[in-house]
Structure formats: structure tokens, C-alpha cells
Amino acid sequence: MISANDLSPAELAALLHFHADAGVEWLLEEEAVDRFAEFEAMKAARRPASAQQERPAAGERPSVGERQTSPRPTAAARPAPVSGPQPAIPDGEAVQQARFVAEAARSLGELKTAIEAFNGCNLKHSARSTIFASGDAESGIMVIGSAPSAEDDREGLPFSGKSGQLFDKMLAAIGLNRSSVLLTQVIPWRPPGNRAASAAEIDICRPFIERQIALAEPQAILLLGNFAARFFLGENDTIHGLRGRWKDIVIADRAIPAIASLHPQDLLTAPVNKRLAWNDLLAFQAKLKSLSLLRN
């Protein structure tokens with residue numbers, strides 16, 4: 001084991017970032033904790049008082065007198081229920097609740113407050129931040145990513161960290177910036193360890209992102225990443241098969257033109273694909289100009 005005292009500040013910071021990206025939420029404590037002993041104590045606390053009394057050895061039967069005089073457990077003797085936050089379980093009821101909450105919001109501000117107060121999705125219990133739309137809601141331009149990264153979760157903003165820096169350059173290349181578009185994510189909470197969201201979690205989050213689009217009323221949408229493209233375009237192909245072509249998506253009875261491209265994180269992993277993303281950005285820029293959303 002490498003001691004923290006043997007690492008330079010830069011090495012220690014890099015190690016902490018690595019653990020955070022891997023989904024590690026807690027560091028080692030000062031003293032070792034016997035989890036097995038804790039588990040046995042919890043089981044003992046949950047057993048009725050009568051079950052904790054000594055039982056006769058195998059093959060022996062208690063006498064009639066013993067059976068008659070054995071005390072019954074009283075309410076005071078029963079262990080108190082274990083308290084603590086209970087994680088939400090994704091199910092049909094949670095989906096219905098999400099739909100009701102989303103439809104009740106009459107503005108993006110109300111929707112943000114409603115999502116932050118919503119406890120019906122398991123993802124919220126492991127995330128630090130609720131990632132909501134940011135930027136210009138009146139621009140008519142919307143950019144939607146897949147799910148928050150570790151950097152997004154720490155900063156509380158979509159498209160943060162190194163991928164966010166590349167994203168800023170992508171926007172600048174076509175005459176845009178963060179303040180001139182509306183940025184958001186399909187999933188508002190980071191899945192632990194950056195795992196894929198489950199089908200139930202996706203169903204619960206769907207009303208929130210669809211309501212963001214309905215309230216913002218964008219005229220054109222840029223979808224970034226494989227998950228966001230599949231989510232809205234309704235196809236199971238990879239991002240390489242979905243990118244670069246326009247398709248209308250219907251939200252609240254409005255058909256909105258959308259085009260998919262590679263996520264900035266994909267481009268950091270495989271820089272050779274930047275030329276594909278550049279072609280997509282040029283197509284997006286041309287559409288914005290045709291809609292008078294971007295100056296020539």
C-alpha cells in the first residue's frame with residue numbers, strides 16, 4: 001500500500017480524481033470497522049426478545065411449567081425499528097409521480113425546484129448534484145447530453161471538466177457559446193461509477209427532460225452521445241450510425257428537428273473522430289442559420 005505521505009500534491013490530487021471517477025464515495029476511516037460484528041448486532045436487534053432467550057438443547061423439550069411461566073415479549077422489550085433513509089425503488093408508481101410533477105411545472109424554474117425535491121429515483125441518492133438546464137432558454141437552440149459525468153456531478157453543471165473544455169471549443173467553432181444556447185442532460189443525476197441507467201430509471205427521468213424541452217420550445221436540438229441519440233431518435237444503432245442526419249422528434253405535439261453527434265468525451269477517447277463531429281457541427285450551424293437563430 002502506498003502511503004499518502006509518499007505522494008506529491010499533484011500525484012495525490014490525481015489519485016483522488018481517479019477514485020472519484022471510479023465511483024468511490026468514501027475514504028478509509030482512522031480505525032478499522034468490523035462490518036461482520038455490526039451485521040450480527042443488527043440481526044440480533046431485529047429478533048424478538050423471546051428469540052434471544054436461551055433455548056433448550058437439541059432433543060430436550062421445556063416442561064409445562066416452563067412453557068407457562070415463559071414471559072411474553074412486551075412492546076417495550078421489542079427492539080425499535082432501524083431508522084435511516086430508504087432508497088426509492090423505480091416502479092410504475094414512481095413514473096406516474098414523475099409525470100405528475102413534471103406536468104405541474106409551468107416554468108423551467110418551477111421544474112428545477114420540482115426535480116430537486118423529487119425522491120422517486122434511486123440515482124438521486126448516490127449523486128451529489130441535480131443537473132438541470134443552464135444557459136439561454138430563449139435562444140431556440142438546445143444541446144442535450146446523455147448523463148452527468150463525475151466532473152458534472154462535482155460542479156453541478158452539464159459539460160464540465162476536460163470534456164466541457166472541448167465542448168466550449170466546439171461551440172465557439174460555429175459561433176456559439178454556453179450563454180447563447182440551453183444545455184441539459186437526459187438524466188439529471190450521475191449513475192454510480194458512470195454505469196448505464198437502468199430501464200426503470202430512464203422511464204422515471206423521461207418526463208423531466210421532455211418537460212424541459214416543452215417549456216423551452218427550442219427550434220433545433222443537438223444530441224450528443226450514443227444514449228441521448230438512442231433516447232430521442234428511437235433507434236438502437238450506435239452513434240456512428242445515428243449521427244449526421246436530421247430527424248424530427250415530437251415533444252408536446254411539436255415536431256423539432258434534431259441531429260446527433262459524438263459526445264466530447266468520445267472525442268477525447270478517439271480524437272480521430274473529430275472530423276465526423278466537425279461535419280455534424282457544420283450541419284447544425286447551417287440549420288441554425290436557415291432558422292435565423294444564428295447570424296451569418
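**Helices H4 and H9**

Modeller: Helix H4 (residues 92-104) and helix H9 (residues 199-216) have axes that come within 8 Å and cross at roughly 10°. Axes are lines fitted to C-alpha atoms, for helices over the stretch in contact, with angles from 0 to 180 degrees between N-to-C directions; helices (H or I, at least four residues) and strands (E, at least two) are DSSP runs numbered from the N terminus. H4 is therefore roughly parallel to H9 (angles under 35 degrees).

The model is predicted: local features need pLDDT of at least 70, side-chain atom pairs count only at pLDDT 80 or more, and totals for chains, interfaces and linings use all residues. Residues are numbered from 1 along each chain as its sequence is written, and side-chain values use heavy atoms, without hydrogens or water.

From H4, Ala94, Val95, Ala98, Arg99, Val101, Ala102 and Glu103 meet Asp203, Ile204, Pro207, Phe208 and Arg211 of H9 (contact means heavy atoms within 4.5 Å). By class, this contact has 8 nonpolar, no polar and 4 charged residues; Ala, Val, Leu, Ile, Met, Phe, Trp, Tyr, Cys and Pro count as nonpolar, Asp, Glu, Lys and Arg as charged, and the others, Gly among them, as polar.

Two loops that involve H9 each hold a residue of note. Asn194 lies in the loop between S3 and H9, has phi near 60°, a positive value in a residue other than glycine, and is partly exposed at 42% relative accessible area (partly exposed lies between buried, under 20%, and exposed, over 50%, with a 1.4 Å probe and protein chains only). Glu217 lies in the loop between H9 and strand S4 (220-224); its phi is near 50°, also positive in a residue other than glycine, and Glu217 is partly exposed at 48%.

Definitions and conventions
Angles under 35 degrees count as roughly parallel, over 145 as roughly antiparallel, 65 to 115 as roughly perpendicular and the rest as oblique.
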